[in-house]
Amino acid sequence: MAVREAPVTQSDLEPFRRELTGYCYRMLGSGFEAEDAVQETMLRAWSNAERFEGRSAVRTWLYRIATNVCIDMHRQVQRRARPMEMGPASPPMESHIGPMLPEATWVTPVPDDSVAPHGSDPAEIAQYRESIRLAFVTALQHLPSRQRAALILCQVLRWQVSEVAELLGTSVPAVNSALQRARATLQGLSAEDETDMLDAADTELLARYVDAFERYDIDRLVSLLREDAVQSMPPFAMWIQGAANIGRFMVQPGPSECRGSLLLPTSANGCPAFGQYRVDPSGGYMAWALQVLEISGGKIAGMAFFLAPLDPERLFPAFGLPLHIA
């Protein structure tokens, strides 16, 4: 390949920000850390732009930097998880809720507006949704960093094995071996039902969900859930399984304070999501939880409520949601 004659400029780098954010999110399991990793990638690339000789494409060069940034960051924290990986389901009693755990404990959501492909191809959208689901991103965290990078690049982003070998500075057989081990690890983890592409019926289901939640009509809300539905509430390790149990928990004294909430729509991890605002005793409504819902078989199968204390100044603004409603 010919040596690049013109130096790399910021305009050469910015078009890759969106896809790099998706890559770093899958690597790190945190929307906040993914943003930080991409910013560090851009800074490193910009500071070394004069030394870029064009022996590889700008995209490959950026991904190499991003991979190194993510590997460095991943050494500094424990493996992120969801409550379902932390222990068995809890009884639907507020006394089992336990202490709040640090943000670094959890796989946290990412706004679709930051990472979703711009195209409208149904196959591409379906592939994106499955590769960004909270369950899949959590499973990726079980892999060593280089196996994780190889799997994301080859299986999700559809890079050639030879390209990944060049990026990782290794051989094609080594990448194939890493892929084989990574796939074996993921197959050994518990599988979850795939979520459906949303259709008109699901849109109506979500409208009924919003109405039931805002009215705090628990019987109606429970009727919208699958019998084996799961609710989790990071930063708490507690999670609840079963529609009836979720209904029992929501009438406990603490959860009942959600009565009178407002929901604002957004989207996260390829799923419908809502910003939940509880009544503020001082007036208006305060940000309380980002709800990420998974739909399967015409029912709500998963309810991940990421409570505002995870990161009160970043969680809601990251999704274009206000911190307070008058």
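A: A polar contact is a pair of N or O atoms within 3.5 Å; within protein, one must be able to donate a hydrogen and the other to accept it, and residues adjacent in sequence count only if both atoms are side-chain atoms. Such a contact, of 3.0 Å, joins the side chains of Arg226 and Asp228. This is a predicted model, in which local features need pLDDT of at least 70 and side-chain atom pairs count only at pLDDT 80 or more, while totals for chains, interfaces and linings use all residues. Residues are numbered from 1 along each chain as its sequence is written, and side-chain values use heavy atoms, without hydrogens and water.

Arg226 lies in strand E1, residues 225-232 (strands, E, at least two residues, and helices, H or I, at least four, are DSSP runs numbered from the N terminus). Its relative accessibility is 18%, so Arg226 counts as buried (under 20% relative accessible area; exposed is over 50%, partly exposed in between, with a 1.4 Å probe and protein chains only).

Now to the rings. Seven aromatic pairs are found in a search of the whole structure. In one of them, the ring centres of Tyr209 and Phe213 are 5.9 Å apart and the planes stand at 40°, so this pair is tilted (rings of Phe, Tyr and Trp, its six-membered ring, pair if their centres lie within 6.5 Å; planes under 30 degrees apart are stacked, over 60 edge-to-face, the rest tilted). Helix H11, residues 200-215, holds both Tyr209 and Phe213. The two are four residues apart, about one turn of the helix. Both Tyr209 and Phe213 are buried.

Phe213 also pairs with Tyr216: the ring centres are 6.1 Å apart and the planes are at 85°, so the pair is edge-to-face. Phe213 has 0% relative accessibility and therefore counts as buried. Tyr216, at 5% relative accessibility, counts as buried because of that value. Tyr209, Phe213 and Tyr216 belong to one aromatic cluster, together with Phe274 and Phe305.

Another ring, that of Trp288, has a charge over it: the charged end of Arg278 sits 3.6 Å from the ring centre (NZ of Lys or CZ of Arg must be within 6 Å of the ring centre and within 35 degrees of the ring normal).
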